[in-house]
Amino acid sequence: MSESFSTLYDLIVQLSESIREALSETQYTPPPAGNFSVKAVLDQLLPRKPTTTPEEDPILGETQIRTSIKDFTLACALLSSARSSTHDLLSWIPGFLSASADSAFRELSKAHCVLFSQTNAKRVGELGLDCGMVAEERRLVVELMPEVVRSLKEAIKESSVDKSADVDEFSAASARAAVGFAIVAAYQFRWFVTQIDYPHLGKLCGFVIPCALTALDHWSPEVKRQGMVSFIHIGKNVDAAELGLYEDVILDACCQNIASDDEIWHLVVEMSVLLVTCFQRSNPRSPWFEKMLNEMLSHLERQPRNKDRRVAWLQHIEPLFNSVGLVLLAHFRRIFPLFFQWMHADDDETVLLVLKQVYTVIRLTWIRNTPYVDRLVDELAVLHKRASLKKSHEDIKRLVSQILTLLQQCKGLQFEAAYGKHRDDPDLTDIILS
């Protein structure tokens, strides 16, 4: 084994022993099922000090070094990604251990760049990236990406639910592997993806997208969650042209996941809006806009009192509204009944968010050719009078005044007729129409 290999291997073992010692002192209760242990997974990924010296075991060469680098990086990825997790499998990992993993990986990556700079530059270059433009602490991630992502994709797929092509039956692959392995792989995958940003991530779409789609297709909400977080990062750091080959399959996956559980619905909406606007921004009449909006509205209509769902939708939907523009008129019959109901919600957050979206919709459509003007004026008047009972009454009244002013500008005589019956109401005297 060359001196460079030996030096790097010694560093990996040293860093692994430090993390393993901290792990051994961390309290951990395995899940009741007993067939999966995250601590055991981490222990297997952390290379150990060899029982023989390199001179005594000449087989210890490049292949073993690369395996050790990959395994150690996967261990660091899992420990680091646990920082943002509340899932039972990872919530036991303390913050200091995640920070130690971050520091250890940076040290390994820099050492790898120094010892194998030419090899690293060649491998990064083969992926279409300029090694000189990639930060030192990211170059090892880029080099490992093709090999690691393929194995993570298979790990996620092992516990998915497959549909056989030969028989019309669904087969639970979870019998072959505990879902914990898929959850761990999904967290590791998300870590790898989020280490790379614009403009480098676009060159790696051929490796990243298939694995992200596999995560979205999994039955576990936690695996889906990591797939969604990955796609949100991808949508923010990859040009639409680089994603073009996968456009339809990605948007179809978004639509299929709109029916997801409450706990991840905010991610479904954020991901779907981000990606559909990325792909279809210049085509407001795109059938993808219509399909996605209809899917979301159907779920909201079934659960209009679900605060988490409506707040998530109102927080993230505006970019889609802006992209669709006047075409929103075709959806008024479904949007405005929800708006009218949410204006009188018990929580201030919903009320403020819905007023902001009402203003956006009017600004984009000039609310032309619609029967909702009169009722909108009446609902806003009622909300303004009741606003005094709310903590955010000043903001609510300000937004109501802004919407009424916009209605006055765009509807003229129709607005005057609708608002006329409220002008003498003593509870509405503080409404200012500019």
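**Stop 1: helix α12.** Select residues 262-280, which form helix α12. This helix is mostly covered, with 14 of its 19 residues buried. Keep in mind that you are looking at a predicted model. Now check the length of the helix. At 1.5 Å a residue, the 19 residues of α12 should span 27 Å.

**Stop 2: Leu 275.** Stay in helix α12 and pick Leu 275. Is Leu 275 buried or exposed? Its relative accessibility is 0%, so Leu 275 counts as buried; the cut-off for buried is under 20%. Next, show what surrounds Leu 275. Leaving out residues up to four places away in sequence, Leu 275 touches Phe 231, Gly 235, Ile 250, Leu 251 and Cys 254. Then draw a distance from the C-alpha of Leu 275 to the C-alpha of Ile 234. The two residues are 41 places apart in sequence, and the distance in space is 9.0 Å.

**Stop 3: Ser 220.** Go to the loop between α8 (205-216) and α9 (221-237), and select Ser 220 there. With 5% relative accessibility, Ser 220 counts as buried because the cut-off is under 20%. Beyond its neighbours within four places in sequence, Ser 220 is in contact with Val 179 and Ile 183.

**Stop 4: the largest pocket.** Where should you click to find its centre? Select Val 41, Leu 45, Phe 181, Val 184 and Gln 188, which lie nearest the centre among the 15 lining residues. The volume of the pocket is about 280 Å³.

**Stop 5: the largest nonpolar core.** This core has 154 residues. Which of them have the most contacts inside it? Select Trp 313, Phe 321, Phe 339 and Leu 407. Now zoom in on Leu 407. Setting aside neighbours within four places in sequence, its contacts are Ile 362, Ile 367, Leu 376, Val 377, Leu 380, Gly 412 and Phe 415.

**Stop 6: confidence.** Colour the chain by pLDDT. The average is 89, and 92% of the residues score at least 70. Then select residues 164-175, where pLDDT stays under 50. The model has 20 contacts beyond four places in sequence for this stretch. Treat such places with care: where pLDDT is low, predicted coordinates should not be read in detail.

Terms used: Residues are numbered from 1 along each chain as its sequence is written. This is a predicted model: local features need pLDDT of at least 70, side-chain atom pairs count only at pLDDT 80 or more; totals for chains, interfaces and linings use all residues. Side-chain values use heavy atoms; hydrogens and water are left out. Helices (H or I, at least four residues) and strands (E, at least two) are DSSP runs, numbered from the N terminus. The expected span of a helix is 1.5 Å times one less than its number of residues. Buried means under 20% relative accessible area, exposed over 50%, partly exposed in between (1.4 Å probe, protein chains only). Contact means heavy atoms within 4.5 Å. pLDDT is the predictor's confidence in each residue, from 0 to 100. A nonpolar core is a set of buried Ala, Val, Leu, Ile, Met, Phe, Trp, Tyr and Cys residues joined through side-chain atoms within 4.5 Å. On a 1 Å grid over the protein atoms alone, a cavity is a set of points where a 1.4 Å probe fits but cannot get out, and a pocket is an open set with protein on both sides within 12 Å along at least five of seven lines; lining residues have an atom within 4 Å of a point. Grid points are joined across faces, edges and corners, and a volume is the space filled by probe spheres set on the points.
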